[in-house]
Amino acid sequence: MQTFDFQNFVSALDTAQQAHFEWSQRILRCAVLHTRPQEDMMRTNAHHICLFGQFLDQHKIAFYTINTDRAEQLFLVHKQMHDAIRSIAIPISKGKPGNKVDLDEFETSQAAMLDHLAYFKTNAIHQYTQIDSLTGLPLRQRLTQDFEAKKNRGNWAVGLMFMDVDHFKAINDLYGHSMGDRVLQHLVKQTHSLLEPHQSMYRYGGEEFVVVSNDLVESYDALELAEQIRASLFNTPVEIENGDTIPISVTIGVAIASEGEPLANLIERADHAMYLGKKQGRNRVIHLENLN
Ligand SMILES: Nc1nc2c(ncn2[C@@H]2O[C@H](COP(=O)(O)OP(=O)(O)OP(=O)(O)O)[C@@H](O)[C@H]2O)c(=O)[nH]1
């Protein structure tokens with residue numbers, strides 16, 4: 001499950017970027033007013049002690065997760081920018097003009113840094129708009145992207161489970177919407193605990209979820225997993241404050257992709273199987289090919 005908080009990352013990035021501009025303004029003031037740069041600007045580790053550098057250090061993993069090459073370049077150009085500031089500051093501190101090479105270096109590294117930051121920000125925004133804030137699950141668009149990326153790999157056997165909570169409206173009506181939310185969070189946590197790395201879960205719509213099992217050895221494996229999910233949810237009702245429990249049941253339709261089958265078609269088949277499961281009484285797993 002995606003747990004990294006990209007939304008927080010973007011807001012921290014904005015604050016850090018502002019701090020970076022303030023640092024640049026300090027050197028500009030020194031140059032214009034012929035004042036001595038402060039001690040911190042002259043330190044060789046200025047790129048670690050400035051607020052922006054601290055932000056980079058604290059969010060190293062996030063930067064590397066998004067793009068390793070770009071992360072390395074960002075860290076490098078940030079250091080180069082501070083080195084250039086120091087070189088500019090040395091003659092200024094002696095009452096002499098700075099030199100053009102250092103100024104060019106400062107401008108080039110700053111422009112590269114802003115370019116990298118724009119990339120990271122766009123990417124992080126893109127990530128969090130594809131994540132469901134209630135459950136932390138990727139949303140439907142991500143399912144499409146992941147499916148397309150894997151489809152082109154060839155030799156890919158995939159099973160898709162379309163899961164819908166039974167009588168969820170009644171849970172909301174009986175216990176309130178926020179308890180309904182808790183039920184969904186519980187369902188996701190419980191289901192997720194059963195998944196292996198080659199299996200992913202998505203929030204498809206309100207109380208509809210999709211589980212994709214990649215690299216199936218046999219189609220039976222997808223059915224078995226769906227049955228495990230159903231049983232596990234049925235056996236772990238949500239506990240509420242007064243000691244009562246809210247029972248959860250789900251109906252799951254399973255479809256195994258045929259070679260080159262478009263995602264929309266696969267979903268339609270799994271959804272149809274789920275719909276038949278609802279008609280047959282809910283709390284069950286249906287695989288279309290088993291019906292005839
Ligand atoms: N609490 C909560 N409710 C939601 C959320 N998303 C959708 N719902 C509710 O889920 C309910 C789905 O109801 P229905 O589509 O009628 O289905 P159902 O009651 O589960 O009945 P069956 O699917 O036929 O078993 C609606 O009342 C929605 O308001 C959510 O994020 N949180």
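Select helix α6 (residues 68-93) together with helix α7 (residues 100-129): their axes come within 8 Å and cross at roughly 150°. Helices here are DSSP runs of H or I with at least four residues, strands are runs of E with at least two, and both are numbered from the N terminus. Axes are lines fitted to C-alpha atoms, for helices over the stretch in contact, and angles run from 0 to 180 degrees between N-to-C directions. The crossing angle therefore makes α6 roughly antiparallel to α7, a term for angles over 145 degrees. The crossing is also left-handed, meaning that the near helix is turned anticlockwise from the far one by less than a right angle.

The model is predicted, and its local features need pLDDT of at least 70, side-chain atom pairs count only at pLDDT 80 or more, and totals for chains, interfaces and linings use all residues. Residues are numbered from 1 along each chain as its sequence is written.

Next, display the residues between the two helices. Those of α6 include R70, L74 and I88, and those of α7 include D102, F106 and Y119. Contact requires C-beta atoms, placed from the backbone, within 7 Å. By class, this contact has 11 nonpolar, seven polar and three charged residues. Ala, Val, Leu, Ile, Met, Phe, Trp, Tyr, Cys and Pro count as nonpolar, Asp, Glu, Lys and Arg as charged, and the others, Gly among them, as polar.

Most residues other than glycine have a negative phi. Is H34 buried or exposed? H34 is exposed, with 12 other C-beta atoms within 10 Å; 20 or more would count as buried, 12 or fewer as exposed, and anything in between as partly exposed.

N283, in the loop between α12 (263-279) and β7 (285-287), also has a positive phi, of about 50°. N283 is partly exposed, with 19 C-beta neighbours inside 10 Å.

Then select the ligand. Of the 17 residues around it, D166, F168, K169, G180 and G206 come nearest, where a C-beta atom within 6 Å of the molecule qualifies. The elements giving two or more residues to this shell are β1 (159-165), α9 (168-175) and α10 (177-192). By class, the shell has five nonpolar, five polar and seven charged residues.

Finish at D215, in the loop between β3 (208-213) and α11 (219-234). Leaving aside neighbours within four places in sequence, D215 is in contact with A157 and H198.

Methods
Parallel < 35°, antiparallel > 145°, perpendicular 65-115°, else oblique.
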